[in-house]
Amino acid sequence: MSDASGQDASSDDGNSAQELIQPHLNQSVALAVQSAADLLKNINTIETTVIGVASASWLANPAMVEYKEIIESATKTITFVSENLVKVGEAGASVLKDLKP
């Protein structure tokens with residue numbers, strides 16, 4: 001079906017729909033990445049505090065090797081959340097790349 005300019009109206013509608021939803025997709029991906037970044041920031045604050053307290057306590061009581069486990073656990077949590085941010089960012093980039101007109 002052609003419009004008044006002789007162009008195929010159905011292909012024009014597809015471009016218009018893509019143009020209409022693209023900003024919303026961009027915003028959704030940006031929000032997902034921002035949420036993952038906020039999570040990293042918040043967890044990093046908590047876990048570095050845990051590491052600091054455990055380190056100070058361990059220095060005060062070197063025989064208490066349990067503090068080493070606490071420090072290692074906090075470090076693993078920070079690493080996990082960092083990797084999560086990378087995965088969310090890569091997934092968002094993939095979505096945007098796949099849907100780009």
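This is a predicted model: local features need pLDDT of at least 70, side-chain atom pairs count only at pLDDT 80 or more; totals for chains, interfaces and linings use all residues.
1. Of the 101 residues, 14% count as buried.

2. Helix α2 covers residues 66–99. Its length checks out. With 34 residues at 1.5 Å a residue, α2 should span 50 Å. The C-alpha atoms at its ends are 50 Å apart, which agrees with that expectation.

3. Which residues of α2 are buried? They are Tyr 67, Ile 71, Ala 74, Ile 78, Val 81 and Gly 92.

4. The structure holds one salt bridge. It pairs the side chains of Glu 72 and Lys 68, at 3.9 Å from N to O. The cut-off for a salt bridge is 4 Å, so this pair counts. Both residues lie in α2, four residues apart, or about one turn of the helix.

5. Glu 72 has a relative accessible area of 38%, so Glu 72 is partly exposed. Lys 68 comes to 42% and therefore also counts as partly exposed. The class in question runs between the 20% and 50% limits.

6. Last, the contacts. Take those between residues at least 6 apart in sequence: 64% of them join residues at least 24 apart.

Key
Residues are numbered from 1 along each chain as its sequence is written. Side-chain values use heavy atoms; hydrogens and water are left out. Helices (H or I, at least four residues) and strands (E, at least two) are DSSP runs, numbered from the N terminus. Buried means under 20% relative accessible area, exposed over 50%, partly exposed in between (1.4 Å probe, protein chains only). Contact means heavy atoms within 4.5 Å. The expected span of a helix is 1.5 Å times one less than its number of residues.
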